[in-house]
Amino acid sequence: MSDIEEIEVRGGQGQVLDPETYRDSIGTMEQSGKRKWVFPRKPKGKYTNYRNIVSYILLIIYFTVPFLKINGNPFFLFNVIDREFYIFGQPFYPQDFFILTLGAIASLIFIIIFTIAFGRIFCGWICPQTIFMESIFRKIEYLIEGDRNKQMKLDRQEWNSEKIWKRSLKWTVYIIISLIITHFMLMYIVGYKEIFRIISEGPFAHPTNFIIMVLFTAAFYFVFAWFREQVCTLVCPYGRLQGVLIDKDTINVFYDFKRGENRSKWRKGEDRKAAGKGDCIDCHQCVVVCPTGIDIRDGQQLECVNCTACIDACDEVMEKVGLPKGLIRYASENEIENQTQFKFTGRMKGFAVVLVLLVGFLGFLLYSRGEMEAKFIKPAGSTFFVRDGRITNTYNYTFLNKTNDKKIVTIKVLEPAHGEIIYSASSKIEVDRDKISKGTINISFPEDDMKLSKQNITIGVYDMKGKLVDSYQTYFEGPFKLQF
């Protein structure tokens, strides 16, 4: 090479490519507004390894949770059709939806605070779109079509036998994986046993379910085979929300422009500082690895999902040329502008405390609900009757056992005193776990105790240890009395 020694950017065949060509082959939109396909180079490095570990853990969780049970209950199930809901093995019912509503509000606050403090880390590390795209579909694409330059070459060539074979194989694998993802997603709704039953009985026995699976499979295929990064830039509401939440103290993936500018090509043995040049050698490696096709050196952008691929690419180049790493790194805008070292500021500590409290609040909501829900309703059209100086009313009771253990309960009148309960069966009522028990009781009071024609009473439900598990306020009817 000449005395101007540039960092080599090697393609799939080992050829040296001119870095300037990347300016016209990267990005998501043409100047005319037409989409440009992004061919990101396969990333490698410390952060990529960390992200792979996180991705594999989350994928294992996704594909195993439908089969997990706690005390015989699904670990997680959200069956809207049959109104069966389980979170961490605990059954939830439509009556508990106020808890889920409060939990959803707390989750939204959590997301807002987390984004203000730590930026879009969720998008790059945890988001299902990123996990599936980068850890499954993109890796299959690399395996079948090769790295960036091989993919670009394949895309440009005519539809010969090689292109038809590779594209057909890739698309077929994509469809199969989309089908698998759909089946597991539906397991979270109806349970794995129901899915296996539907599969064994075939599509003609369950045409509606079959159509739903086909539609979801097509949607997943469309997203991961074609739509891709457009989900993050055009559709995702969180991507739009984070644009108005971040500020100069938010941690994001940033390019250190004070250190990097003025950017210039690398010359071996040159004193770049004396020449007025920055550490950025304009190799474009941060650009070619970006899955959304942006140049991180242009500043914070809506398309950036904080995937850290540019950090690994830049650190690799800096190591090769003997310059300090961290030209692109996790930092805040203030940190870059003031050239200060990263530190866990009081602001971040405060937000972290709030986040911990929110998580604790969510946990409290999930586990603070009562063990049992009891209702005592007077049958429609029923009235009272008087016998032997006592007024009697009839009530239909409904007990819902929300625990994972069978409950044996008894009923007592809490207020007013002197209430007597007559059971239609045994006074010890058994309620199986996650079941509803119904029955009828009569409640009577001495006639002299009832001063009003309609009076509020409170009925309590106790377990065999004498613990009050629930109470219910209803009304008691008696004869009309004139009050003087």
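**Pockets, sheets and domains**

Modeller: Let's begin with the second largest pocket: 33 residues line it, and those nearest its centre are Leu-77, Glu-84, Phe-85, Tyr-86 and Asp-434. Keep in mind that this is a predicted model.

Colleague: OK. How much space lies in that second largest pocket?

Modeller: About 670 Å³.

Colleague: And which elements give two or more residues to the lining of the second largest pocket?

Modeller: The strands are β4 (73–74), β5 (76–79), β6 (84–87) and β7 (90–92), and the helices are α7 (161–190) and α8 (192–201).

Colleague: What does the lining of the second largest pocket look like by class?

Modeller: There are 19 nonpolar, five polar and nine charged residues in the lining of the second largest pocket.

Colleague: Where does the second largest pocket lie relative to the domains?

Modeller: Between domain 1 (24–67 + 119–338) and domain 2 (372–477), because both of them give residues to its lining.

Colleague: How far apart are the centres of domain 1 and domain 2?

Modeller: Taken over C-alpha atoms, the centres of domain 1 and domain 2 are separated by 60 Å.

Colleague: What about the overall shape of the chain, then?

Modeller: Along the principal axes, its C-alpha atoms fill a box of roughly 115 × 60 × 40 Å. The radius of gyration is 33 Å, whereas a compact globule of 484 residues would be near 23 Å. As for secondary structure, the chain has 16 helices and 18 strands.

Colleague: Back to β5, β6 and β7. How are those strands arranged?

Modeller: They make an open, antiparallel sheet in the order β5-β6-β7. β5 and β7 are the edge strands, each pairing on one side only. On average, neighbouring strands in this sheet are turned by 30° against each other, ignoring direction.

Colleague: Which residues face each other across those pairs?

Modeller: Between β5 and β6 there are four bridges, and Leu-77 sits opposite Tyr-86 in β6. Leu-77 and Tyr-86 are both among the residues nearest the centre of the second largest pocket. Phe-85 has Phe-92 in β7 as its bridge partner, and Ile-87 has Gln-90 in β7.

Colleague: Switching topic: how much space lies in the largest pocket?

Modeller: About 860 Å³. It is lined by 20 residues, and the closest to its centre are Leu-58, Phe-76, Phe-122, Ile-126 and Pro-128. The elements giving two or more residues to that lining are α2 (46–64), α3 (97–118), α5 (128–145) and α16 (346–367). α2 provides the largest share, with four residues.

Colleague: How many charged residues are in the lining of the largest pocket?

Modeller: None: the lining of the largest pocket has 19 nonpolar residues, one polar and no charged. For the second largest pocket, the charged count is nine.

Colleague: Last one: what is the order of the strands in the four-strand sheet?

Modeller: β15-β13-β17-β18, in an open sheet with antiparallel pairing. β15 (429–431) and β18 (468–477) each have a single partner strand, so one side of each is left without a neighbour in the sheet. Neighbouring strands there are turned by 35° against each other on average, direction ignored.

Colleague: How many bridges pair β13 with β15?

Modeller: Three, with β13 covering residues 407–415. Ile-408 stands opposite Glu-430 in β15.

Methods: Residues numbered from 1 in each chain as written. Predicted model: local features only at pLDDT ≥ 70, side-chain atom pairs only at ≥ 80, totals over all residues. Heavy atoms only, no water. Pairing = 2+ DSSP bridges. Axes fitted to C-alpha atoms, helices over the stretch in contact; angles between N-to-C directions. 1 Å grid on protein atoms, 1.4 Å probe; cavity = no way out; pocket = protein on both sides within 12 Å on 5 of 7 lines; lining within 4 Å. Points joined across faces, edges and corners; volume = space filled by probe spheres on them. Nonpolar A, V, L, I, M, F, W, Y, C, P; charged D, E, K, R; others polar. Domains from an automatic or database assignment. Rg over C-alpha atoms; globule rule 2.2 N^0.38 Å.
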